[in-house]
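I opened my notebook to get to know a structure that is new to me. Here is what I looked up, in the order I went.

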Amino acid sequence: AMEQAKRDGKQIMVFFHAPEAEPSKFAQSHVFADSRVIEEVVGLYVPVMVDLSKQRELATRLGVFRGGVVGLYRADGSAIKQIQTVRSRTDFLNEIR
């Protein structure tokens with residue numbers, strides 16, 4: 001993702017997904033399923049999904065301990081910010097712009 005972000009001049013967006021977590025389910029079904037969100041994310045970021053049930057060590061290194069969190073990173077991997085709660089499409093789009 002870092003190489004692609006550098007090549008494309010984008011930042012990286014990581015969605016930390018936990019299949020059993022309500023915040024993850026909500027974000028996937030109500031926010032990330034929206035075509036406007038998809039268009040905005042793909043235009044600005046290299047999107048990555050981290051499954052906490054399979055990649056817990058990576059999430060822990062990045063300071064994420066539960067599903068439903070979105071991390072924004074520069075192309076070099078340095079953190080910009082974490083969005084702890086994805087509440088709505090509008091709020092999410094305002095957070096990532």
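My entries below go from the sheet to the helices, and then to the cores and the aromatic rings.

**Entry 1: ground rules**

I noted that this is a predicted model, where local features need pLDDT of at least 70 and side-chain atom pairs count only at pLDDT 80 or more, while totals for chains, interfaces and linings use all residues. Residues are numbered from 1 along each chain as its sequence is written, and side-chain values use heavy atoms, with hydrogens and water left out.

**Entry 2**

In which order do the strands of the open sheet lie? I found four strands in the order β2-β1-β3-β4, with mixed pairing. The edge strands are β2 (45-51) and β4, each of which pairs on one side only. On average, neighbouring strands of this sheet are turned by 20° against each other, direction ignored. Two strands count as paired here if DSSP finds at least two bridges between them.

I then looked at the pairs. β1 and β2 run parallel and are joined by seven bridges; Q11 stands opposite Y45 in β2. Strand β3 (residues 69-73) and strand β4 (residues 79-83) run antiparallel, with four bridges between them. L72 stands opposite K81 in β4. β3 and β4 form a hairpin with five residues between them, and G77 in the turn has a positive phi of about 95°.

**Entry 3: helix α2**

I sorted residues by relative accessible area: buried is under 20%, exposed is over 50%, and partly exposed is in between (1.4 Å probe, protein chains only). Helix α2 covers residues 22-31, and S24, A27 and V31 in this helix are buried. Why do they lie on the same side of α2? They cover an arc of only 90° around the axis, which puts them there. The arc is that of the directions from the helix axis to the C-beta atoms. E22 and H30, on the other side of α2, are exposed.

I also checked contacts, meaning heavy atoms within 4.5 Å. The buried residues of α2 pack against β1 (11-17), α3 (35-44) and α5 (89-96).

**Entry 4: helix α5**

F92, L93 and I96 are the buried residues of α5. They sit on the same side of α5, because they cover an arc of only 100° around the axis. What do they pack against? I listed β1, α2, α3, β2, β3 and β4.

α5 lies across β1, β2, β3 and β4, and runs at about 165° to β4. For such angles, axes are lines fitted to C-alpha atoms, for helices over the stretch in contact, and values run from 0 to 180 degrees between N-to-C directions.

**Entry 5: the cores**

A nonpolar core is a set of buried Ala, Val, Leu, Ile, Met, Phe, Trp, Tyr and Cys residues joined through side-chain atoms within 4.5 Å. The largest one has 15 residues, and M13, F32, V70, F92 and I96 have the most contacts inside it. β1, α2, α3, β3 and α5 each supply at least two residues of this core. Its largest share, three residues, comes from α5. A second, separate core of 14 residues includes A18, V46, A59 and Y73.

**Entry 6: the aromatic rings**

Rings of Phe, Tyr and Trp (its six-membered ring) pair if their centres lie within 6.5 Å; planes under 30 degrees apart count as stacked, over 60 as edge-to-face and the rest as tilted. How many aromatic pairs does a search of the whole structure find? It finds two. The F15 and F32 rings are edge-to-face, because their centres are 4.8 Å apart and their planes are at 65°. F15 is in strand β1 and F32 in the loop between α2 and α3, 17 residues apart.

F32 and F92 also form an edge-to-face pair, 5.2 Å centre to centre with 90° between the planes. F92 is in helix α5, so this pair ties together parts that are 60 residues apart in sequence.
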